[in-house]
Amino acid sequence: MKKVNAGVAFLILAVVGSSFVSTYLEKSHSPALEAGVPIWSAIAAWPSRDAASVEAQPDPNRRITAIVLDDSGSMGPDIKPAKQAVIDALGAMAETDRVSVVALNYGTVLPFTSVEQARIDLPQALRAIKSDGSTPLTAAIQNALALLVEEASGVRGFGTFRLIVTTDGVADVPEALDQAVASIAEMTPVQMTTIGIGISGDHVLRRSDLGSFVDVENVDALQAALEAAVAENTDFTAITDFDNSGG
Amino acid sequence: MRSFAYAFTVAAFTVCTAAFASPGDRLAEAVTDSVRDCASGWNQNMPLIAWGADGVVAYANGASLENDGGPLGDAGLPLNLTIEDSFETQLKSYLACDTPYLRGTLGMLAAAAPVTEFDPRTEQIVFFKHSFSAGDGIVSGEGIAKIDDLKGKKIAIQANGPHVDFVGRVLADGGLSFEDVEIVWVSELTGDGDTPSAAIAEGRADAAAVILPDARFLTSGGNVGTGAEGSVRGATILISTQEAASVIGDYIAVRADYFDANRDDIARMVNILFQAEEDMRSFMAKDGDALQTKMAALMANEFLGGLPTEEGVFLWQDAITDGWSGNAKHFGDPNEARRFEVLLGEGNVALRGADRLDAPANLNTAEWDYSKLADGLKNLDDRQIASFNPEAAAAAVQKLRRTGQLDANTKIDFEVYFEPDSTSFPIDLYADDFEEILRLASTYSGAIITVEGHSDPLHFLRREKDGADNAELRAIRTSTQNLSLDRAIAVVDALTSYAKDIEIRMNRDQFTLDGVGISSPRHSPPNTEAEWRENMRVVFRVLTVQAEATTFSPLQ
């Protein structure tokens, strides 16, 4: 995994030619590199796909969220609170934000639309979702990410991109899930939040360096988890001892 | 494609200087003829140059150079039109009143002031503006990617030609003056001989002011010169009037004594020219139209010496004609950013800087009441202006940034500074700067202007140093990215309001909004409060490259 990441990072750095090349080249080749460490040049280049036409003035305050709903058989009766959590999640968004919902087995439940429209359409759409089948969690996350890339391409990456995963954390191939989640943190600005159903311990979806986590019993905490970060200090205090700087 | 026509065309302004004087001589040294009185009555002789907008006069004259009826003939104002691309020859005829008219760019008319303004009879009255040019450019050699890279370099310019004020304007907007460069004066504009193209090709100059067909030739089709087939290895088009689309204006001036004696007739002629421009603008945009074919053929034959008809169309497209509304604004609207006084002032600065004038030229205008010159016109809308596809422009800018070409294509920077973690900035402090941006936007009306927001990285760096986890750092980065775009939006919103308040026309689509977050801080880390604040900025950049053909529609 480390080797693959380093190769991808090198390729992107060569293309982007950012001022941080040397810094991140060194960083990405570091033997101490851990999975999930941001490769800033790759993040800056996301989404890598060029759209022929883009929004001339995208709304930088818009939040664009893809929600992954676990509808696998392992969810059992937990599918009901999981579906409610997805609906509740819309309450933490503004009407002009955009949202899409993907289920592991069902596929796309709701294509990207405004939150205002989703509040109308989603309850009906979720009725068809049942707990059944396998747990292709990784594939569902990657599908949701692809939808985010498409959205981001049209707005030149401006806005806040989020991936909310409502799941019990069971995956067909746990190692693949680890890699996928780490890769998102390394290569994209997508902020991942998990609404966990019985997930505990050192599960990858609980790692605070990769994203945020709220328990399905406490979905109210989602609002806080989705707050935008402060961009700049409002007062100046010099820091003189810097190592590598990011951005 | 239009190169051949245009090249032949403007082989134009060229010609004579070499026969009468050395390159670099001023007009007053090259033209020393005495002044003669004009005969009474209507003088039918008028010079044209091989320029698309001059087709308007020929069309008004019955689609003919000769006195052949048409609206002018029907009005009792027939003309005998002569293609005269030597400005010195024109000037001699003007002094002798073989013709009472001078046809040139404003810079050329101003350069003639020492010859014309010493005698009240020959004082110039500038009474008609044909067009702005979209067919000239500056080609630079390898290693010159921005205007300020020209510092200390040699620039080849045709003496007494149309490019002196163009070069002066571009140098000034790049923070330079003629004192920062060395001018290599040449006698010809294009073709064989002592041309700017020859000067750069032979290594006598590092850059050259040329017509666009020559520019494309030197740069292997408008890219980077390969050194093959007459191109100059490494040469690129530094800037052109397709971007600086309101810089080189073409005019007709008339002798003061003739104007005083024939003012009403000249006013009627101007009205007819406005009608002709309106008609031509319409039918020249319709491929296959019979009138388009007729006028294109006339221009191809008479102006260009017998080139294919399509070259006449291309010649027309190199000119952005003004018509009634353009003239009314240019000569009569004090809020018009590119009004006559402004261009004359710029021309004077350039000509004096280039040592072509000792004192500013003070040219008079006809001071028409344009409301009385609108008879028969169907459309009094604004002069055609560049139109942009803002979505395609934004995509093109994004592509340039990703491929590392944005800085190389950026020629003129301008900055606005902000309060921390905010999109607020003291608008009142930026009134002068906003006016300068609006001036740049109108001067470079064919260029995309990027408005690029930046954020300060100190908070990110501090949290990184404090050991914040990577999820937080990524979230901060996203916030800085979005803040930077928000800043760009705030500045353009303020600029739009400012332009509206002072009644200056602004094409918002010309501004492409961008945000780069903390990827290009001026100071990283900022070590003082001043450095910290300097990171919170918005940068205006005039892109002198047309990123995509779909991005910009400069003409009809």
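Between them, chain A and chain B bury about 4,600 Å² in this predicted model, and 53% of that area lies on carbon and sulfur atoms. In terms of residues, the contact takes 59 from chain A and 52 from chain B.

I turn now to the polar side of this interface. There are 17 residue pairs in polar contact between chain A and chain B. The side of chain A that touches chain B is made up of 31 nonpolar, 19 polar and 9 charged residues. The rule also finds 2 salt bridges across the interface. In one of them, the side chain of A:E232 meets that of B:R487, at 2.7 Å from N to O.

My second topic is the disulfide. How many does the rule count over all chains? The count is 1. It joins B:C38 and B:C97, whose sulfur atoms are 1.8 Å apart. The link is right-handed, with 95° about the S-S bond.

Where do these two cysteines lie in chain B? B:C38 sits in the loop between α3 (27-30) and β1 (45-48), and B:C97 in the loop between α6 (87-95) and β3 (101-105), so the pair ties together parts that are 59 residues apart in sequence.

Finally, consider accessibility. B:C38 counts as partly exposed because its relative accessibility is 22%, whereas B:C97, at 8%, counts as buried.

Conventions:
Residues are numbered from 1 along each chain as its sequence is written. Chains are lettered from A and ligands numbered from 1 in the order in which they are written. This is a predicted model: local features need pLDDT of at least 70, side-chain atom pairs count only at pLDDT 80 or more; totals for chains, interfaces and linings use all residues. Side-chain values use heavy atoms; hydrogens and water are left out. Contact means heavy atoms within 4.5 Å. Buried area is the accessible area (1.4 Å probe) that two parts lose on being put together, summed over both. A salt bridge is a side-chain nitrogen of Lys or Arg within 4 Å of a carboxyl oxygen of Asp or Glu. A polar contact is a pair of N or O atoms within 3.5 Å; within protein, one must be able to donate a hydrogen and the other to accept it, and residues adjacent in sequence count only if both atoms are side-chain atoms. Ala, Val, Leu, Ile, Met, Phe, Trp, Tyr, Cys and Pro count as nonpolar, Asp, Glu, Lys and Arg as charged, and the others, Gly among them, as polar. A disulfide is a pair of cysteine sulfur atoms within 2.5 Å. Helices (H or I, at least four residues) and strands (E, at least two) are DSSP runs, numbered from the N terminus. Buried means under 20% relative accessible area, exposed over 50%, partly exposed in between (1.4 Å probe, protein chains only).
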